[in-house]
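Hi everyone, thanks for making time this morning.

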Amino acid sequence: MAVRKIVLYPDPLLARVSEPVEVITDEIRELCSDMLETMYAAPGVGLAAPQVGVLKQIVVYDPSGKEDERHPVVLINPEVTLTGETVVSEQEGCLSVPLNYRADVKRSSAIHLRYMDLDGVVHERDIDDFEAIIVQHETDHLKGVLFIDKIGHLRRSLYDTKVKKWLKRKKEDA
């Protein structure tokens, strides 16, 4: 297991669509293990493969609290159907969005989830609340969508300006 580097916005890789996993290999299992280690080290509650530079339809997450026992979940080729009411995910953030930026995002309160596990077994479940929001956020990454793509134009423009200044300072300091 290894902690991988997290790809940061505005890297264009984050806007690309991921490919389905055709066969679950040892390489895929190792990637999932690395993704979980990376997510916990960050620390975060979810991570999609594009966030570590791999354009495959893989998501890992853990909806348990930081003080609770870990309950990692691996989703291969997840398919989400929105089934709940629209709610606001308050102060949503992302490991790939620098400067600890947070914003309110509209999400569904419940989803139907279909996915494959690391043994190739297909599962279907209905989930809601915080776990449903995590899965929506992470599966958006597989479509090349970040939560900042879902905020208003003015807020996004202000954020992009901050990122440009941050990148310029970072480059000057290097």
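To be clear about what I'm counting: a salt bridge here is a side-chain nitrogen of Lys or Arg within 4 Å of a carboxyl oxygen of Asp or Glu. Please keep in mind that this is a predicted model. Searching the whole structure with that rule turns up 11 salt bridges.

Let's begin with Glu124 and Arg114, whose closest N and O atoms are 2.9 Å apart. Is Glu124 buried, exposed or partly exposed? Its relative accessibility is 47%, so Glu124 counts as partly exposed. Arg114, at 32%, is partly exposed as well.

Next up, Arg125 and Glu131 meet through their side chains in a salt bridge, 2.9 Å from N to O. Here the two partners fall into separate classes: Arg125 is partly exposed at 25% relative accessibility, whereas Glu131 counts as buried at 17%. The cut-off for buried is under 20%.

Now over to a helix. Arg156 bridges to Asp160, and their closest N and O atoms are 3.2 Å apart. Both sit in helix α3 (residues 153–173), and because they are four residues apart there, about one helical turn separates them. Arg156 is buried, with a relative accessible area of 17%.

And finally, which residues form a network of salt bridges? Glu92, Arg107, Asp140, Lys143 and Lys150 are linked in that way.

Terms used:
Residues numbered from 1 in each chain as written. Predicted model: local features only at pLDDT ≥ 70, side-chain atom pairs only at ≥ 80, totals over all residues. Heavy atoms only, no water. Buried < 20%, exposed > 50% of the residue type's maximum accessible area, 1.4 Å probe, protein only. Helix = DSSP H or I, 4+ residues; strand = E, 2+ residues; numbered from the N terminus.
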